[in-house]
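Here's a quick walk through a single protein model. Have a look at the fold, then read on.

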Amino acid sequence: MTTRIGYAAGAFDLFHVGHLNLLAQARQHCDYLIAGVVSDELLRATKGRAPIVPLAERLEIVRNIRYVDKAVSEVHPNRLDTWRDNHFDVFFKGDDWRGTEKGVSLERQLSSVGVEVVYFPYTMHTSSTVLRRALGQILESEHGSAAANFA
């Protein structure tokens, strides 16, 4: 029997129930789950901001989630490079990507090496963006403009 290896990528910054849902659902669709924790440098390059929680701490949190068999630092902007490092069979993503230009491109890129892309429902009520915004507002009310660096 072949082991089905899954890969779920994310910043996993300000870890919340949406992250847990992604990892739990991913584990139900594979035999071995690798969680790719996006590096601080790659987050700065792709999202234009640094994470709140440093990479080493995010890796420690994610590697201790019971659904995760292995946590790795994701350092490549190109998913094929990530696949070359980790050789997974299925890639998990939130369904906010489904049907978008980025999602279609991801599917095309990964299908070239036989990787299936599986989408899961995005947790609408909780996101790192919402948490970051709320924390920024709290800091702003307590400390004035110093909170601008947070958001």
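What percentage of the 151 residues in the protein is buried? Buried residues come to 43%. Keep in mind that this is a predicted model.

Now for the layout. The protein has six helices and five strands, and from the N terminus on they run β-α-β-α-α-β-α-β-α-β-α. Of the contacts in the protein with a separation of 6 or more, 73% are between residues 24 or more positions apart. As for the surface, the protein exposes about 8400 Å², with carbon and sulfur atoms supplying 52% of it.

| Strand | Residues |
|---|---|
| β3 | residues 70-74 |
| β4 | residues 90-94 |
| β5 | residues 116-120 |

Let's take β4 and β5 together. They pair in the parallel sense over five bridges, and Gly94 has Phe120 in β5 as its bridge partner. To get from β4 to β5, the chain passes through helix α5 (residues 101-111), and this β-α-β crossover is right-handed. Strand β5 is mostly covered, with four of its five residues buried.

Over in β3 sits Glu74. Is Glu74 buried or exposed? Its relative accessible area is 3%, so Glu74 counts as buried, the cut-off being under 20%. The side chain of Glu74 makes a polar contact of 2.7 Å with the side chain of Tyr7. Leaving aside neighbours within four places in sequence, Glu74 is also in contact with residues including Ala9, Gly36, Val37, Val38, Ser39, Leu42, Arg79 and Thr82.

Notes: Residues are numbered from 1 along each chain as its sequence is written. This is a predicted model: local features need pLDDT of at least 70, side-chain atom pairs count only at pLDDT 80 or more; totals for chains, interfaces and linings use all residues. Side-chain values use heavy atoms; hydrogens and water are left out. Helices (H or I, at least four residues) and strands (E, at least two) are DSSP runs, numbered from the N terminus. Buried means under 20% relative accessible area, exposed over 50%, partly exposed in between (1.4 Å probe, protein chains only). Contact means heavy atoms within 4.5 Å. Accessible areas come from the Shrake-Rupley method with a 1.4 Å probe; for residues, only the protein chains shown count as cover. Two strands pair if DSSP finds at least two bridges between them. A crossover is right-handed if, with the strands pointing away from the viewer, the path from the first strand over the helix to the second runs clockwise. A polar contact is a pair of N or O atoms within 3.5 Å; within protein, one must be able to donate a hydrogen and the other to accept it, and residues adjacent in sequence count only if both atoms are side-chain atoms.
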